Amino acid sequence: MFAASRVFGAAQRRAFSASARDLSKVTVLGAAGGIGQPLSLLLKLNPRVTDLALYDIRGGPGVAADISHINTASKVTGYEPTPSGLDAALKGAEIVLIPAGVPRKPGMTRDDLFNTNASIVRDLAKAAAKSAPDANILVISNPVNSTVPIVAEIFKAAGVYNPKRLFGVTTLDVVRASRFVSEIKKTDPADENIVVVGGHSGVTIVPLFSQSSHPDLVGDANLLKRVQFGGDEVVQAKDGAGSATLSMAMAGARFAESLLKAKTQSGVVEPTFVDSPLYKDQGIDFFASKVELGPNGVEKIMDVGKITSEEQKLLDACLADLKKASCSEDSLPEHAH
Ligand SMILES: NC(=O)C1=CN([C@@H]2O[C@H](COP(=O)(O)OP(=O)(O)OC[C@H]3O[C@@H](n4cnc5c(N)ncnc54)[C@H](O)[C@@H]3O)[C@@H](O)[C@H]2O)C=CC1
Ligand SMILES: O=C([O-])CC(=O)C(=O)O
């Protein structure tokens, strides 16, 4: 038997019993993909999820039929790739995860995905603005630094934008940084929680080791490169077969779990790429920093805090890059406006 109890600890199962009456519908758009399938699997194992809706332009019902046989309580439904299927998948969702879109191949940057993924995310955002305007929208599709602002624009155009409910999922950067540090320091990765701020590509990914229990790692060029270009490491190793999927599924499931937990618990904090006041005066509307989550989504956006001069240089490079990304939002496919 493969039970949720083997994956989730006793404390989580107790928390589940307390909140079992809460219905938590979670929708995955792009559920049959490399990320979508393991992400859906992990969500099926999460006792806080009561209703799992799986949508893809191909294969959603098949993945749903498969996952629905797992003996956890949640209901799993797969939807046909039609406008009404998409609307039904979204109706009543509390969380919508979006891993729909194409992944990188070696030699590509995340920005090279923009032309294809911007329109995919735009169309899904339009459907979400109509059928799940109050849901938390968790954007995984790359380039995250641009796809998140696209969702904001679509929700604004529909008159339903709530900045507290839109998140670019940068959790994989935190997961990687924590893992890489634990390898160097021979610690339990579960005890490491490295703060990563900025965005989700190359130099916009800024780990703040000075705020960890290993401040000596500031200036470790190899570690910094692994954190900033961890995605490329996987793209190269997969050699044309895509980018990170399994680690991303874990990271996406962790972020969804944090949001669900934050409905009933205070003090849940995750770095995430949100509509942020921190650098608006520099023309940067979206920025990832530590965010306290709550029942309404974003509860509190924290500033980057105390950092070293070396980290400040990394942050300056990040801000310059994010500023370029913001300026080029005018170059969204014209239909995104
Ligand atoms: N935020 C992050 O940290 C990470 C983001 N990613 C990004 O996630 C995205 C997905 O990656 P993979 O799952 O590996 O790709 P994949 O190609 O394996 O899966 C994508 C899925 O999206 C579906 N899809 C395409 N258009 C759709 C639409 N209009 N509606 C619904 N579904 C649609 C496809 O049918 C496919 O099943 C990529 O853009 C990738 O760059 C990947 C890793 C980490
Ligand atoms: O590198 C990619 O293209 C996928 C991604 O965002 C990551 O693994 O961090």
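Two residues are said here to be in contact if their C-beta atoms, placed from the backbone, lie within 7 Å. By that rule, and leaving aside its neighbours within four places in sequence, Leu138 is in contact with Ile95, Val96, Leu97, Ile98, Phe167, Val169, Gly252, Phe255 and Ala256.

The model is predicted: local features need pLDDT of at least 70, side-chain atom pairs count only at pLDDT 80 or more, and totals for chains, interfaces and linings use all residues. Residues are numbered from 1 along each chain as its sequence is written, while chains are lettered from A and ligands numbered from 1 in the order in which they are written.

The protein chain holds 12 helices and 11 strands; helices (H or I, at least four residues) and strands (E, at least two) are DSSP runs, numbered from the N terminus. Its C-alpha trace spans about 50 × 50 × 40 Å along the principal axes. A compact globule of 337 residues would have a radius of gyration near 20 Å, and the 19 Å of the protein chain agrees with this. That radius is taken over C-alpha atoms, and the globule rule is 2.2 Å times the number of residues to the power 0.38. Among contacts with a separation of 6 or more, 69% join residues 24 or more positions apart.

The protein chain is divided into domain 1 (24-168) and domain 2 (170-330), with bounds that come from an automatic or database domain assignment. The centres of the two domains, taken over C-alpha atoms, are separated by 21 Å. Their contact takes 34 residues from domain 1 and 36 residues from domain 2. On the side of domain 1 that touches domain 2, the elements giving two or more residues are helix H3 (36-44), strand S4 (95-98), strand S5 (136-139), helix H7 (144-157) and strand S6 (166-168). H7 provides the largest share of that side, 6 residues. By class, this side of domain 1 has 21 nonpolar, 7 polar and 6 charged residues. Here Ala, Val, Leu, Ile, Met, Phe, Trp, Tyr, Cys and Pro count as nonpolar, Asp, Glu, Lys and Arg as charged, and the others, Gly among them, as polar.

Burial comes next. A residue is buried if 20 or more other C-beta atoms lie within 10 Å of its own, exposed if 12 or fewer, and partly exposed in between, with C-beta atoms placed from the backbone. Of the 337 residues, 49% count as buried. Ala118, located in helix H6 (residues 114-131), is buried because 22 other C-beta atoms lie within 10 Å.

A nonpolar core is a set of buried Ala, Val, Leu, Ile, Met, Phe, Trp, Tyr and Cys residues joined through C-beta atoms within 7 Å. The largest such core has 98 residues, of which Val96, Ile98, Leu138, Val139 and Val151 touch the most other members. This core draws at least three residues from each of domain 1 and domain 2.

A residue is near a molecule if its C-beta atom, placed from the backbone, lies within 6 Å of it. Around ligand 1 there are 34 residues, with Gly30, Gly33, Gly34, Ile35 and Asn142 coming nearest. H6 gives the most to this shell, with 4 residues. The residues around ligand 2 are Pro103, Arg104, Arg110, Asn142, Leu172, Gly231, Val234, Val235, Ser243 and Ala244. Helix H10 (residues 230-238) gives the most there, with 3 residues.
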